[in-house]
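Please open the model in your viewer and follow the selections below in order.

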Amino acid sequence: MLSLKGIVAGYGGGSVLQGVDLECAKQTITCIVGPNGAGKSTVLRVISGLLRPSEGQISMDGEAIADRSPDEILRRGITQVPQSHALFPAMSVRENVLMGGYLIRRNRALLRERLDMVMERVPVVAARAHDNAGNLSGGQRRMVEIARCLMLDPKLILLDEPSLGLDPRSLSGVAGLIHELNAAGTTVLLVEQNVRLGLGLATHGVVMEGGKVRLTGTAAAIKDDPEIASLYLGGTSGSPTAPRPTARSKAEGPKTETTGV
Amino acid sequence: MTQLVQAIVLGLLIGGVYALMASGLTLIFGVMRIINVAQGAFLILVAMITWWLWRVTGIDPILASVITTPLMFGFGWVAYRLLLSRIRGASPSMSVLLTFGFALVIEGVLNVTAGNKFKSATPSYFEESFRVGAISLPKAQVFGFVAAMVVLAALYYVLTRTWTGRAIRAATQNPSGAALVGVGAAGTAALAFAIGSATTGVGGSILSVLYPFFPASHYDWISRLLGIVVLGGMGSLPGALAGAGILGLAETLTATYGSLNWSTLVFYIVIMVVLLIRPQGLFGAKLREDTV
């Protein structure tokens, strides 16, 4: 459904992505893992149109989208939840979710129908509808961020580090929601530094390093790959759902990745 | 007692007009982090156009805002596209430099075309008053207040009940979040600047009747408006209303019980005291730190 071929992209100076090839099949959950600076978040930004690649092709259901603007890509059913701070803090939760339907604002009936659907699927939206988004906890905020992107009934959801800064309980809530959405037919592409969690959630895994894809396969195969295990899983302790520290190590490589959008 | 009620009523009438004038400034700052120092010059420009229309055609100055409002909307749109869009992403201090230059250009052009003399539009009701019991309400002040309230109500409606307004508020609070849902930053900013400028269409028309003006009057006005906006909280519309009401009351109460000369000073003392206690202003946004 989504396919990237030979993507080269960067911010001003050098290229963060140096020829990325990636495929996401329909109704899969693909998780991109890799060290800091590997270009994981940049891949998402290129797909959602926030960053234009200098070379390469991206196609969605056979249609080329690499040179489209962010709102044109949204219209094609690709929505993104960034690492953090995507909401409008002084607007109510209901209005925040409603803003997710900005592109379908002319179709009131559809808007109402989607809002009802989202409220049913993500109960926190109904429960806190009239509270300001700025007063939500981190976990609730992440749920509302995901809820907001459901307003366009996306075919593909891009999630940038959904576990970032969440406590274990919120984390299992978010993981549950991702599974539900996937079961309902949505394709998911996520970036995760918590490798155990990410690959545990996913059906497919992609390992990135230095702006290139090093390995792809089923999530189980990636997890069992001895090299990956020693590189990324060896040092990890605790349960798969344990939150990882939010402070990032700077020793892991060049810090070319940007945070947020 | 009558004297006190008279001062309070008059203070609120004046405050309502100030609120309208400050609303555009705070809206523009809220969305774009642009401090439009030229807002005062926009007001004087409109007052001058209104005065001219009134002299040539005899049209009522306050009703002339039907003409000047769309004119200023277009003026704001073009000014944003040609000038202010170039400093998008720069620091707010850059916007002060740019808009100050813009204000000087407007002042200079008005000096050359209209002359450096005090002007004032004086329609037939200029010196008349409504009387409610012992209270006297100058007609021009009442009409100005009513026009200001109509425009503020319309502005409130647009911001809270329409998609345009939601997009503007979204872009105010989180520009990158707005981009993610398909709100274009450039279009929203131009629209907000145009709406903010359009408020001077009515504000300047009212000004032409209520206050004598000349090209350099914009310095007085922008300092008053900035005072209101800072007191209320930069970017907050309810804050601008509150700040404007306080300025109006400070002026009339000081003029009634003290001397006219002290009225502006009292307002700035209020600002200083408020900022000592609440540095973000009365209604300034103070969010949980992790949401910023």
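Is A:Glu95 buried or exposed? At 13% relative accessibility, A:Glu95 counts as buried, where buried means under 20% relative accessible area, exposed over 50%, and partly exposed in between (1.4 Å probe, protein chains only). This is a predicted model, in which local features need pLDDT of at least 70, side-chain atom pairs count only at pLDDT 80 or more, and totals for chains, interfaces and linings use all residues; side-chain values use heavy atoms, without hydrogens and water. Residues are numbered from 1 along each chain as its sequence is written, with chains lettered from A and ligands numbered from 1 in the order in which they are written.

B:Arg169 forms a salt bridge with A:Glu95, their closest N and O atoms lying 2.5 Å apart; a salt bridge is a side-chain nitrogen of Lys or Arg within 4 Å of a carboxyl oxygen of Asp or Glu. The pair crosses between chains, from helix α6 (residues 163-173) of chain B to helix α3 (residues 93-99) of chain A; helices (H or I, at least four residues) and strands (E, at least two) are DSSP runs, numbered from the N terminus. B:Arg169 is likewise buried, at 18%.

Then select A:Arg76 and A:Glu63, whose salt bridge has its closest N and O atoms 3.1 Å apart. A:Arg76 lies in the loop between α2 (70-75) and β6 (78-81) of chain A and A:Glu63 in strand β5 of chain A, so the pair ties together parts 13 residues apart in sequence.
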